[in-house]
Structure formats: C-alpha cells, structure tokens
Amino acid sequence: MRRCNVVAWSLSLLLGVLLAVSPAAAETIDERHATLGWQSENAALIARVQHVSEVAAEAVGDGLAARFEVLETLAGSVRVGAEIVVRAPDTGTGAPWTPGAEHLVFLRRGAGGAYVSVSGSLGIRHVPEQGAERRLADVVSAYLGTLGDEGAVRDADALRALLVGWLADEDTGIVWSAAVDLHRHAELHAGLSAAERRAVLDAYRAHPIGKMSKGALARVLADARPPGAAAALLDTLGRPQARTVRGDVAEALVALGAPGVAAQALARLPAADAALRANLVLTLGVLGDGAAAGAVRRRLADDDADVRVQAAHALGRIARAVRAADPDARIDGRSELVAMVATARTANEQKAGTWALAQLDQPASYAQLRRMAKDDPREDVRRYAARYLERPRVALILR
C-alpha cells in the first residue's frame, strides 16, 4: 500500500507535496485517498466555499475550525449562501485553509454538526484566482457525472473515457490523480478499447520523468497491456532521470507479465551505459527470473559502484524467487559476492553484498558470513554480516 506524507495541497504542486515531509507533525495518507476520484466517491458534501472567519478553539474543542460560505454545491444538499463550520486536527503545520480565500472541499459530517475532510488537508484545497486549480471544480463535476448513489460507479464507460483522457492532461497533478484512480478501478480495465489502450501507451511515452505521475502511469500501462508496453517501459530505463522511477517501472514490468521481458532486458545490457546497467539489473532482480542470474552475477565486478550494489540486491532477490518456486533450488554467486564485499568501500556495497550472501541460503554462504562477522577488519561489515545471519529474510534497505 503506497502512502504519502502530506503537509499541504496545491494542484500544481501536488506531486511535490506528496513527497514532502514536514519536520513538524505531518499526515500520512494512502495515496489512493488523495485523488480527486476517491474523494468524489466518498464525500457527503463537495463544494466551492469561501473562508469567512476562524472559529475560536473553545467553541470547537481540540483542533482548528473555520467558518465558510458555500459558493457552489457540486454534491450534497447544502444550499448556496449557507455557512458551514469545518474542523481540522492541529498537525503543527497550521490550518489547511487560507484565510479569506476560495477552496474546493470534500467533506463528511463530523461531531457537533461541523464538517471534516474525507482526506485530511488534501480534502480542503485552496483555489487561487488564477491557475490550474481553477479547473478542479469542472474536473470533479465531470467525475461526479459518472457516479450514482453513495459514490458507486454508474457509467463505467464514461468514467473510463474521462480517466484515459486525463492521462494526457497538461497538468501533472490531474495526470497523477487520473492514473491512480484508473489503477484503483480494476473493474474498468477489461473494458478498455484498443484505441484507449493505445492512448494509455501514448500518454505514458509522452509524459516526462521527474514526477510521481510517471510512476503512476507505469502502473496503468501494465493494467492496460497495449502492444508495445514492455518495450516502452524498458525504454524508460535508458532515459535521463530514470533512477527516480526505475522501481515503479520494474514493478510494472512484473505486473505486465509479458513473456520474454527478462530476455529483452538482458539483451540491452551489453551496450548499456552505467546508469542503464544499474536500472536493468535492478529490473532483473524484481523480475526474479533465474535465467538472468549469470548475467547479474557478472555485474558484481562492474566498474560502477551503483551497478555492483544493484547486482547484489538483484542476485539476492533472484535467489529468493527461485527458492520460492522450488524450495530445493539454489543459485550460485558466493565467490563473486565474497570478492565484492572484500573490496567494498561504501556502506551500500557492504550491506548489499552481505545481504545477498544470506539470500543464497547455502551452508557455504552462511559460513562465509560467520567468518565476516568474526574476522573482517571493517566494523560495518562485521555488523552487517551478524545482522543478516540473525535475520536473513529482512528486506535490504539501502542508503
């Protein structure tokens, strides 16, 4: 389950906000609950409102509260011109509203007749006088037009068409929201037409790297499964800034399940530069194909440190996958991992190499770890070896 730490909302800054972690107390929200669609489906009142005044703390108890005038009701029964009170927890980052400003709110009834957001501060969205945020109400109205009672999807074809169209929107926040909503609504995938599947592929190819929306689009591309999806995902690994999305791309390739993906990745390795080699090796590890173990093992001696780290991680993941498929199966790589750790200077190399030795799950690899834990002159290596001897199945967390 993907979660995001959130301190504020602005549509144009959505993707940066989802990555932001305030030093003060922040909210943690499942990313699916941050989308326009989920909030449209789950809010009892959706409205354009104007901030009128703050409400004294003693009048509402714990937290913050403000009074708003309703300018337009998109969903719910509150009339235009009415005033409502909205409450919010005090997270230490200030109120989620802007005094005197217009907002789009997604609310449910709270205690004492006041309203609360369905999704923390992301359900109370400042709408400036100009900018992409002015489109929010229109986008939400269109989404609401596809829903029936209690937020259930009434017109699946219309919703599917809207979400696919928004994947090519000029605003990355809308793209991200639509991609997460389309991925979330798995029941819509089977009905994608050939043209819609191509549109998903085109939107993915055209979208720049550097935003969370690219990763969300990768997941939707795997859902849509258009011809050329695997090649498009593998092409991404060779583009600038691919490191920021390589995990999402690898997961999408696994979800895609297209035959021969590991072979396609292996075919790109010989001519790849260091950045692409690291990305491809990481992907091979996520795919977990035992046939790639030999090529990954050879990259443990690569000239580039990141490639070596990713190769060790990948070899460990392949070892796990092979053993999961056949409990008696094992892969080789002990001598190469020992050599890698012997010359490793960075913490990531030392951690990845010792962790991968534990994943081989062989008497000889455990014996090697015991020797490292006892005799290696480097304190970090001794600590890592001891850790993975004690808990060999923990996940590898790299710095």
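Reader: What follows H10, and what's its phi?
Author: Gly257 comes after H10, and its phi is positive, near 65 degrees. Helices here are DSSP runs of H or I with at least four residues, strands are E runs of at least two, and both are numbered from the N terminus. This is a predicted model, where local features need pLDDT of at least 70 and side-chain atom pairs need 80 or more, while totals for chains, interfaces and linings use all residues. Numbering starts from 1 along each chain as its sequence is written, and side-chain values use heavy atoms, without hydrogens or water.

Reader: Which residues of H10 are buried?
Author: In H10 (residues 246-256) they are Arg246, Asp248, Val249, Ala250, Ala252, Leu253 and Leu256. Buried means under 20% relative accessible area, exposed is over 50%, and partly exposed is in between (1.4 Å probe, protein chains only).

Reader: And what covers them?
Author: The cover includes H7, H8 (212-224), H9 (229-236), H11 (261-268), H12 (274-287) and H14 (305-325).

Reader: Switching to H5: which residues are buried there?
Author: Leu159, Arg160, Leu163, Val164 and Trp166 are buried in H5, which spans residues 156-166. They sit on the same side of H5 because they cover an arc of only 165 degrees around the axis, taken from the directions from the axis to the C-beta atoms. Their cover includes H4 (136-144), H6 (172-184) and H7 (194-206).

Reader: How do the axes of H5 and H6 cross?
Author: They come within 8 Å and cross at roughly 140 degrees. That makes H5 oblique to H6. From H5, Leu163, Val164 and Trp166 make the contact, meeting Ile174, Val175, Ala178, Asp181 and Leu182 of H6. Contact means heavy atoms within 4.5 Å. Axes are lines fitted to C-alpha atoms over the stretch in contact, with angles from 0 to 180 degrees between N-to-C directions; under 35 is roughly parallel, over 145 roughly antiparallel, 65 to 115 roughly perpendicular, and the rest oblique.

Reader: Is Ala161 buried or partly exposed?
Author: Ala161, which lies in H5, is partly exposed, with a relative accessible area of 42%.

Reader: New topic! Where is His51 found?
Author: His51 is in strand S3, residues 45-54. With 7% relative accessibility, His51 counts as buried.

Reader: What is His51 in contact with?
Author: Leaving aside neighbours within four places in sequence, His51 is in contact with Ala66, Arg67, Phe68, Trp97, Thr98, Pro99, Gly100, Ala101 and His103.
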